[in-house]
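Biologist: Please take me through this structure step by step.
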Amino acid sequence: MTAETESPNMKDTNKPGVPHGMPVFGASGRRIIYDEDGKPCRSCNTLLDFKMVTHVQKDARPSGSTTNSALSSTTASAMAIPMKKVAETTQYARDEPPDVEQLGKASWSLLHTLAARYPTEPNAEQQSDMGQFINLFAKLYPCWFCAKDFKKYIEENKPVLESQEKFGRWLCNAHNAVNVKIGKPKFDCNLWKQRWKDGWDNVDDSVKK
Ligand SMILES: Cc1cc2nc3c(=O)[nH]c(=O)nc-3n(C[C@H](O)[C@H](O)[C@H](O)COP(=O)(O)OP(=O)(O)OC[C@H]3O[C@@H](n4cnc5c(N)ncnc54)[C@H](O)[C@@H]3O)c2cc1C
């Protein structure tokens, strides 16, 4: 059975940005993102896809001789291997570095929480600080692929920093732009404060869903 019949996503192609013999799509259905040096980007892919694609890379034969059947068997084994729990030698679990989803969720938590803590009437210095933070955040965000689009978004939609409410809504819209891009539902920005500042205790149940 060829890789194509097993999984069309694993097809060996010559797509730009995809090293020869490497998959275009991962098991999650997302496109695999590679760094400039051809290695899969750790912070831009899901952990599942990253593990899948690094197995493919490790098993790939030199001089581009990887065959479709090699791809399909390595992929199958990568996906079949349950994530082994490494014996804990300290009091901390040996958590893995974050993938694109963990990094994203943690980052949005930080950003929305910053908005929730932003002064209701910020002075000039506070506005300037937050503006610089957002610019630097976009510049330094570890998933370069995400950062590129986020930088473009903030160039076209300057952060609105005059008040907490305005900044919170600006951020909610920025997050929704990413949601749309990756096929997630839009969040109702009328509810950003319940989600990130006040909680849902005093909100009507019909709104909570
Ligand atoms: C700047 C940035 C750019 C990103 N770009 C990409 C990308 O290009 N490709 C990619 O695959 N991933 C990207 N991500 C990650 C992606 O946005 C998600 O964080 C990730 O997919 C995990 O999604 P999630 O379902 O856990 O919820 P998240 O989208 O992380 O949201 C966390 C929580 O925030 C709340 N929420 C959702 N939407 C909003 C909103 N609009 N306003 C307020 N609260 C909201 C919900 O309660 C949700 O559970 C990016 C993340 C960041 C911070």
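Modeller: Let us begin with Lys152, which is found in helix α6. Helices (H or I, at least four residues) and strands (E, at least two) are DSSP runs, numbered from the N terminus. Residues are numbered from 1 along each chain as its sequence is written. This is a predicted model, in which local features need pLDDT of at least 70, side-chain atom pairs count only at pLDDT 80 or more, and totals for chains, interfaces and linings use all residues.

Biologist: Is Lys152 exposed or buried?
Modeller: Lys152 is exposed, because 12 other C-beta atoms lie within 10 Å. A residue is buried if 20 or more other C-beta atoms lie within 10 Å of its own, exposed if 12 or fewer, and partly exposed in between, with C-beta atoms placed from the backbone. Between the C-alpha atoms of Lys152 and Ala138 there are 9.1 Å in space, and 14 residues separate the two in sequence.

Biologist: How do α5 and α6 pack?
Modeller: Helix α5 (residues 124–140) packs with α6 at an angle of about 150°, and their axes are 8 Å apart. Therefore α5 is roughly antiparallel to α6. Axes are lines fitted to C-alpha atoms, for helices over the stretch in contact, and angles run from 0 to 180 degrees between N-to-C directions. Angles under 35 degrees count as roughly parallel, over 145 as roughly antiparallel, 65 to 115 as roughly perpendicular and the rest as oblique.

Biologist: Which residues meet there?
Modeller: From α5 there are Ile134, Ala138 and Lys139, and they meet Ala147, Phe150, Lys151 and Ile154 in α6. Two residues are in contact if their C-beta atoms, placed from the backbone, lie within 7 Å. By class, this contact of α5 with α6 has 5 nonpolar, no polar and 2 charged residues. Here Ala, Val, Leu, Ile, Met, Phe, Trp, Tyr, Cys and Pro count as nonpolar, Asp, Glu, Lys and Arg as charged, and the others, Gly among them, as polar.

Biologist: What about Trp144, buried, exposed or partly exposed?
Modeller: Trp144 also lies in helix α6. It counts as partly exposed because it has 14 C-beta neighbours inside 10 Å. Trp144 and Ser43 are 101 residues apart in sequence, but 8.2 Å apart in space, C-alpha to C-alpha.

Biologist: Let us change topic. What is the secondary structure of the whole chain?
Modeller: The protein chain has 9 helices and 0 strands. Of its 209 residues, 19% are buried. Among contacts with a separation of 6 or more, 47% come from residues 24 or more positions apart.

Biologist: And the ligand, how many residues surround it?
Modeller: The ligand is surrounded by 22 residues, and the closest are Gly104, Cys146, Cys172, His175 and Phe187. A residue is near a molecule or strand if its C-beta atom, placed from the backbone, lies within 6 Å of it. Two or more residues of the shell come from each of α4 (100–117), α6 (144–156), α7 (164–181) and α8 (192–198).

Biologist: Which element gives the largest share of that shell?
Modeller: That is α4, with 7 residues. By class, the shell around the ligand has 11 nonpolar, 6 polar and 5 charged residues.

Biologist: Now α7, please. Which of its residues are buried?
Modeller: They are Phe167, Gly168, Trp170, Leu171 and Cys172. These buried residues of α7 pack against α4, α5 and α8. The end C-alpha atoms of α7 are 26 Å apart, which agrees with the 26 Å that its 18 residues should span at 1.5 Å a residue. The expected span of a helix is 1.5 Å times one less than its number of residues. After α7 comes Gly183, whose phi is positive, near 80°.

Biologist: Why does Phe167 count as buried?
Modeller: Phe167 counts as buried because it has 23 C-beta neighbours inside 10 Å. Leaving aside its neighbours within four places in sequence, Phe167 is in contact with Ala115, Tyr118, Met130, Pro159, Val160 and Leu161. In the case of Met130, the separation from Phe167 is 37 residues in sequence and 9.6 Å in space, C-alpha to C-alpha.
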